[in-house]
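Let's take a walk through this protein, looking at its charged pairs and at a spot on its surface. Have the model open as you read.

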Amino acid sequence: MTLDIMMPFYGRFDHFQQAVNSVIAQSDPNWRLVIVDDVYPDLEPGRWAQRLNDERITYIRNETNLRPSRNYRKCVSLMESEFAVLMGCDDVMLPNYVRRVNELVAEFPNASIIQPGVSVIDGDGHPSSPLADRVKALYRFRGQSEAEYSGERLATSLLRGNWTYFPSLVWRATELQKYGFRIDLDVVQDLAMLLEITKGGGSLVLDDEVCFNYRRHSASVSAVTGPDGSKFAQERVLFQEAARDCASLGWTGAAREARLHLTSRFNALTDLPAAIRLRNTAGRKALLRHIFGR
């Protein structure tokens, strides 16, 4: 199987080079990389990508800046293979990523989503274990090396705490094309898509073999939109919708987790000191509203 690796680009040149080179270094050569430059001001990363001598790599520069969700939608429209990943332009694939994904697809041919094993690195590429990732590890399913989950059990777990890593996820392309990434939720669009696929009967395969380095740093969209409260406003919309939809499916446990969203509220609490330090009054009020469920 040829894996489509779609890479929306807008970020640091050095991180981008590391990301692209990590794809080129894959032990399994059955991949296709499509870089979609969202009008990054510096033209040199694009020039560098165009100079790469590999017929499996395609570079596209948007005419206008689409921002994350619309650029994800464009990436989905360019998918040609059965399975694809929307890789972050600052993340790193370990050499076994494509090989392991192909093994999992062969073992679970009906899966809609695959979450390979992930480790976390900081902005400089060093191993890292911040609070957010320690919490993810607590909520993640435990058990055998690879297993498939679906239905209310999966929805409840994701609503309790989204332990997946969006840039590492492998998606069945037809599922992404069916639902489409929401443009009104440009920070939590991954959880929205995971829930839509789960509610529609899709399944997720979770694996323990580490083959992807997720880069967590202060310039990420999630880190920037935390202290100003905008991320949590989007989460509140998503949880309200999820509570309604899960209740209509008879998934009472999942609906309860959506209504409570305790982990999200705790996350807002951890961002509150930054909002206070930055004297962001609007952000402080938004965070307090989310923390106390108002």
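Start with Phe266, which is partly exposed at a relative accessible area of 41%. You'll find Phe266 in helix α12, covering residues 262–277. Together with Leu131 and Leu269, Phe266 makes a nonpolar surface patch of about 260 Å². Keep in mind that this is a predicted model.

Now for the charges. Side chains of opposite charge can pair when their charged atoms come close. Here, the count of salt bridges comes to 23. Take Arg61 and Asp37, whose closest N and O atoms are 3.1 Å apart. Arg61 sits in strand β3 (residues 57–61) and Asp37 in strand β2 (residues 31–37), so this pair ties together parts that are 24 residues apart in sequence. Asp37 is buried, at 0% relative accessibility, while Arg61 is partly exposed at 31%.

Next, hop over to helix α4, residues 97–107, where Arg100 and Glu103 are three residues apart, or about one helical turn. Their side chains meet in a salt bridge, 2.9 Å from N to O. Arg100 counts as buried, with 9% relative accessibility, whereas Glu103 is partly exposed at 34%. These two also belong to a network of salt bridges that links them with Arg99, Glu146, Asp207 and Glu209.

One last pair to look at: Arg182 and Asp184 form a salt bridge too, with 2.8 Å from N to O. Arg182 is partly exposed, at 23% relative accessibility, and Asp184 is partly exposed as well, with a relative accessible area of 43%.

Notes. Residues numbered from 1 in each chain as written. Predicted model: local features only at pLDDT ≥ 70, side-chain atom pairs only at ≥ 80, totals over all residues. Heavy atoms only, no water. Patch = residues over 30% accessible without salt bridge, like charges linked within 9 Å, V, L, I, M, F, W, Y side chains within 5 Å. Areas by Shrake-Rupley, 256 points an atom, 1.4 Å probe, with all protein chains shown as cover. Salt bridge = Lys/Arg side-chain N within 4 Å of Asp/Glu carboxyl O. Helix = DSSP H or I, 4+ residues; strand = E, 2+ residues; numbered from the N terminus. Buried < 20%, exposed > 50% of the residue type's maximum accessible area, 1.4 Å probe, protein only.
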